[in-house]
Amino acid sequence: MICNSCQRNIADGSRFCYNCGAQQVVTGAPDMASATGGPRRLMRSSTNKKLGGVCAGLADYFDMDATLVRVLWLLVVLCGGTGILLYAILWIALPLAPYQVAAAPPAQAPVATQAGN
């Protein structure tokens, strides 16, 4: 899948670009619950992680931008101080999501040109 804004390759079915943060219009993409055959699970992200993947996993679960969740988490850490302990608990308790490889775009056939014209 290609980002609508920055034109870089991102994982199929992504709702936000990992490079520029732009929201993506996903048409016909299977929902995670229907793809796995069950309800959506809260898991740490294996692809979009900065430290442990907890914030990206929460963002995927609640269908939010990971950057927004990281900023909110930073505010909780600075204001309350319990955010660090909660992050460590979630890092240990949440399972790591399976790694999903983004499909490479199909190779395009070379365009034949007419010589001599």
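**Entry 1: the N-terminal segment**

I started with Gln 7, which sits in the segment before α1 (32-36); helices here are DSSP runs of H or I with at least four residues, strands are runs of E with at least two, and both are numbered from the N terminus. This is a predicted model, where local features need pLDDT of at least 70, side-chain atom pairs count only at pLDDT 80 or more, and totals for chains, interfaces and linings use all residues. Residues are numbered from 1 along each chain as its sequence is written, and side-chain values use heavy atoms, with hydrogens and water left out.

I looked up the backbone of Gln 7 and found phi near 65°, a positive value in a residue other than glycine. I noted it because most residues other than glycine have a negative phi. Gln 7 is exposed, at a relative accessible area of 55%. My cut-offs are under 20% relative accessible area for buried, over 50% for exposed and partly exposed in between, with a 1.4 Å probe and protein chains only.

**Entry 2: the overall layout**

I counted four helices and zero strands in the protein, and from the N terminus on the elements run α-α-α-α. Of the 117 residues, 23% count as buried. The accessible surface comes to about 8400 Å², and 60% of it belongs to carbon and sulfur atoms. I took these areas from the Shrake-Rupley method with a 1.4 Å probe; for residues, only the protein chains shown count as cover.

I also checked contacts, meaning heavy atoms within 4.5 Å. Among contacts in the protein with a separation of 6 or more, 34% join residues 24 or more positions apart.

**Entry 3: the core**

Which residues make up the largest nonpolar core? I listed eleven: Val 54, Cys 55, Ala 56, Leu 58, Ala 59, Ala 66, Val 69, Trp 73, Tyr 87, Leu 90 and Leu 94. The elements giving two or more residues to this core are α2, α3 and α4 (83-93), and the largest share, five residues, comes from α2. A core here is a set of buried Ala, Val, Leu, Ile, Met, Phe, Trp, Tyr and Cys residues joined through side-chain atoms within 4.5 Å.

I then went through α2 itself. Its buried residues are Val 54, Cys 55, Ala 56, Gly 57, Leu 58 and Ala 59, and they pack against α3 and α4.

**Entry 4: the aromatic rings**

How many aromatic pairs does the structure hold? I found three. Rings of Phe, Tyr and Trp (its six-membered ring) pair if their centres lie within 6.5 Å; planes under 30 degrees apart count as stacked, over 60 as edge-to-face and the rest as tilted.

One of the pairs is Tyr 61 with Phe 62, edge-to-face at 5.0 Å centre to centre and 85° between the planes. Tyr 61 is partly exposed at 28% relative accessibility, whereas Phe 62 is exposed at 52%. Another is Tyr 87 with Trp 91, also edge-to-face, with 5.9 Å centre to centre and 75° between the planes.

Both Tyr 87 and Trp 91 lie in helix α4, four residues apart, about one turn of the helix. I kept in mind that an α-helix has 3.6 residues a turn, so residues three or four places apart point the same way. Tyr 87 is buried at 11% relative accessibility, while Trp 91 is partly exposed at 35%. With Trp 73, these two form one aromatic cluster.

I placed Phe 62 in helix α2 (residues 54-62). Phe 62 and Arg 40 are 22 residues apart in sequence and 10.0 Å apart in space, C-alpha to C-alpha.

Just after α2, Asp 63 takes a positive phi of about 55°. I found Asp 63 in the loop between α2 and α3, and at 39% relative accessibility it counts as partly exposed.

**Entry 5: a surface patch**

Last, I looked at Leu 68 in helix α3 (residues 66-79). Leu 68 is partly exposed, with a relative accessible area of 42%. Together with Val 71, Leu 72 and Leu 75, Leu 68 forms a nonpolar patch on the surface, with about 340 Å² of accessible area together. Patches take residues with over 30% relative accessible area and no salt bridge; like charges are joined within 9 Å, and nonpolar side chains (Val, Leu, Ile, Met, Phe, Trp, Tyr) within 5 Å. A salt bridge means a side-chain nitrogen of Lys or Arg within 4 Å of a carboxyl oxygen of Asp or Glu.
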